[in-house]
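Subject: The structure, with some notes

Hi,

Here is the structure to look through. My notes follow below it.

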Amino acid sequence: MRGDGDGWAVSPGGVRHWGRFGAAGLLLRAPLTTGGAAVLLQHRALWSHEGGTWALPGGARDSDETAVHAAVREADEEAGIKAADIAVRAERVTATAPSGWTYTTVIADAGKPLPVRPNMESVELAWVPEDEVDDRPLHAGFADAWPALRATFAHLDPAECDEADAAGLVAGLPRTIDLGVEFVWLHADPGGPGERAVLLDPPYPPEPADEGESAVTAVAVTADGDPGADLGATAAGSARVLGIPRDRVLDPET
């Protein structure tokens, strides 16, 4: 049954945005065998707005929906992603209009690159390594939002933590961590891509960079039957040591 959100929000001057009550989309990450992450992208149908570009599964928000509910529903309708298979981590308003219209990006994780089922709104769906998202022709709205949404890769070695923390890390990683000023894809493979991270008690911010440390480059690993098998992830450049608040990783509510 269709909701009441389909339709245009019209700003002064006649600029229109889809979604009478705003819109929402799902930025879904999943781990790669390299320690990096892939993002689920939708190749938009040619008849749609900016058809042929790549963006996130998403659409109009109904009047009785939260942004999270709308984004998860749209991901189910457009990609066959089920709510039970993902964990929502954060949400950001990534576009606004004078009409009051907003677009909210909901950030979530899956335990692996899930099988997908496109509907008529997609040419295709693809799990794209995070560092390769910019290589595709992106929908203008997503292209504007992407720099603030993409995650920094970081690895945290459980062997450096006390026994209780180490057990929680193994169970809870990899995952997206919302630090407010940036997102981090935190994994527990010391040889994987990205910067070194350490657990800190509040307050944040992170420790100063170690000038002698550099990021690791990962290579693709294949695994039969895994939708993410041939995907790779690369992190390059000088590395910081990231301080991650302990409760952002080990608190089951985050």
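This is a predicted model: local features need pLDDT of at least 70, side-chain atom pairs count only at pLDDT 80 or more; totals for chains, interfaces and linings use all residues.

A pocket here is an open set of points on a 1 Å grid over the protein atoms alone, with protein on both sides within 12 Å along at least five of seven lines; lining residues have an atom within 4 Å of a point. Residues are numbered from 1 along each chain as its sequence is written, and side-chain values use heavy atoms, without hydrogens and water.

The largest pocket is lined by 37 residues, and Trp18, Arg44, Gly58, Gly59 and Ala60 are the ones nearest its centre. Among the elements giving two or more residues to this lining are strands E2 (16–18), E4 (37–44) and E6 (58–60), as well as helix H2 (helices are DSSP runs of H or I, at least four residues; strands are runs of E, at least two; numbering starts from the N terminus).

Helix H2 spans residues 140–149, with Phe142, Ala145, Trp146 and Leu149 buried (under 20% relative accessible area, 1.4 Å probe, protein chains only; exposed is over 50%). These four sit on the same side of H2 because they cover an arc of only 125 degrees around the axis, taken from the directions from the helix axis to the C-beta atoms. Facing away from that buried side are the exposed Asp144, Pro147 and Ala148.

As for confidence, the average pLDDT is 84, and 83% of the residues score at least 70. Over residues 209–239 the pLDDT is below 50.

Best wishes

Technical notes: On a 1 Å grid over the protein atoms alone, a cavity is a set of points where a 1.4 Å probe fits but cannot get out, and a pocket is an open set with protein on both sides within 12 Å along at least five of seven lines; lining residues have an atom within 4 Å of a point. pLDDT is the predictor's confidence in each residue, from 0 to 100. Contact means heavy atoms within 4.5 Å.
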